[in-house]
Amino acid sequence: MSEAMKISARLQGDTADVRILMRHPMETGTRKTATGIVPLHFIQSVIVQHNGKTVLDSQWSQAISRDPFLGLRIKNARAGDKITVNWLDNTGDKRSDEVTING
Amino acid sequence: MRPVLDCLRWRTQCTTPPAAATEIRLHYAHYDMLSTLSLLEPDMNPTAARRQFLNRISHWVALGLASTSGLVKVGLAWAAPWDKATFETKAYADTLKSLQISNLIESRDITITAPDIAENSALVAVAINSKIPNSQTLYLIAEKNPFPLVSRFDFSAGAEAYASVRIKMGQTSTVRAIIKADDKYYTAAREIKITVGGCG
C-alpha cells in the first residue's frame, strides 16, 4: 500500500488552486542497480474529481518525475467542496485520496 | 489464593497491578508484546486493552473488506485507456502521426513556464496555461526524450486549461505544448537546456 498523497486546495476567489504531491517511484525501466535493471513502474492515469465530477483526466508516461507533483486549477469552487485524486499505475496498483477545500 | 484475590481486586479497581503480582503479569504478557508492536497503548488494564485490540482488528477487517470489494472507489471509471501506441513512439514525428495531428497552429495564448537551464534534469518543473477558448486537451512533449509524449491532460468544463508538473528530460530539448481546442491544434514551444541526463 502506497503512502498518502499530500493535497492542498486553496481558494482564490472562485478558483481552487490545487497542488498534489504523490508518492511513487516512477521507474523508467532503464535504471541499473547492483541487482539488475529496475523494471518499469509508473503512474499511467490520474483523475481529479470535484464533488464527484471528473474535472481532469490525465495520462502519464514514465517521464514524469519521481514522487509526482501535479498542479491544477478548478473553477467554481467553494469552501467545503471535496477534491478527490485517483491514480492508477502500470502494475494495476491504485490510490485515492480526498481533501475538503477550506477558505 | 493470594494472587487470585489480588487479581480480582485489580480487575474491579482497574489500577496498575501490585508489584507482588508477578503471576498476573505473566498471564497478561501478551498485552505487553502487543504494545511493543504498537498495537495497544502500554500499561493498560486488561479489559480496556482487550476492548481496544478488538476495536482495532475490526477496523482493519472492515477496511480490508471495503477495499477488496471496491467500495472504496464506487463509480470511478477510468475515462480512456492509456494510449500505449502514442506513448511508445520514439520520434517526435511519429508521435504527431500517432495523435493524427497534421496541422499545428503556433499560438501566443499558450504559456510555458519552465527554466531555461534545468538544474536537475530528473526534476524539470513545467507549467502550461492556455487562454484559448474551449481548450480540451493538452499534450506535453519533450521532443528529444526517448519517448517524446510526456503526458496528456483532458480538461472538463470545471477545470482551467492549466497543468503544472515535473518531468524528466534526457537531453537538451524543445518542450512543446499542444492544445486541442474545437478540433484544431495549437502549439507553443520552449527550449530547455540540460547538463546531465535524467532518465537513468
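Okay, housekeeping: residues count from 1 along each chain as its sequence is written, and chains are lettered from A in the order in which they are written. Because the model is predicted, local features need pLDDT of at least 70 and side-chain atom pairs pLDDT 80 or more, while totals for chains, interfaces and linings use all residues, and side-chain values use heavy atoms, without hydrogens or water.

So, the core. The largest nonpolar one has 65 residues; that's buried Ala, Val, Leu, Ile, Met, Phe, Trp, Tyr and Cys joined through side-chain atoms within 4.5 Å, where buried means under 20% relative accessible area with a 1.4 Å probe, protein chains only. I20(A), V48(A), L70(A) and V126(B) have the most contacts inside it. Look at L70(A): among the residues it touches are W60(A), F153(B) and V165(B), a contact being heavy atoms within 4.5 Å.

Next, strand β8 of chain B, residues 173–181, with 7 of its 9 residues buried. Strands here are DSSP E runs of at least two residues, and two of them pair given at least two bridges. β8(B) runs antiparallel to β5(B) over 7 bridges, with A142(B) opposite V175(B). β8(B) also pairs antiparallel with β9(B), over 9 bridges. Those two make a hairpin with 2 residues between them, and D182(B) in the turn has a positive phi of about 50°.

Last, the rings. F42(A), W82(B) and F87(B) form one aromatic cluster; rings pair with centres within 6.5 Å, and planes under 30 degrees apart count as stacked. W82(B) and F87(B) are stacked because their centres sit 4.7 Å apart with planes at 5°.

Definitions and conventions
Buried means under 20% relative accessible area, exposed over 50%, partly exposed in between (1.4 Å probe, protein chains only). Helices (H or I, at least four residues) and strands (E, at least two) are DSSP runs, numbered from the N terminus. Rings of Phe, Tyr and Trp (its six-membered ring) pair if their centres lie within 6.5 Å; planes under 30 degrees apart count as stacked, over 60 as edge-to-face and the rest as tilted. Lists of a residue's contacts leave out its neighbours within four places in sequence.
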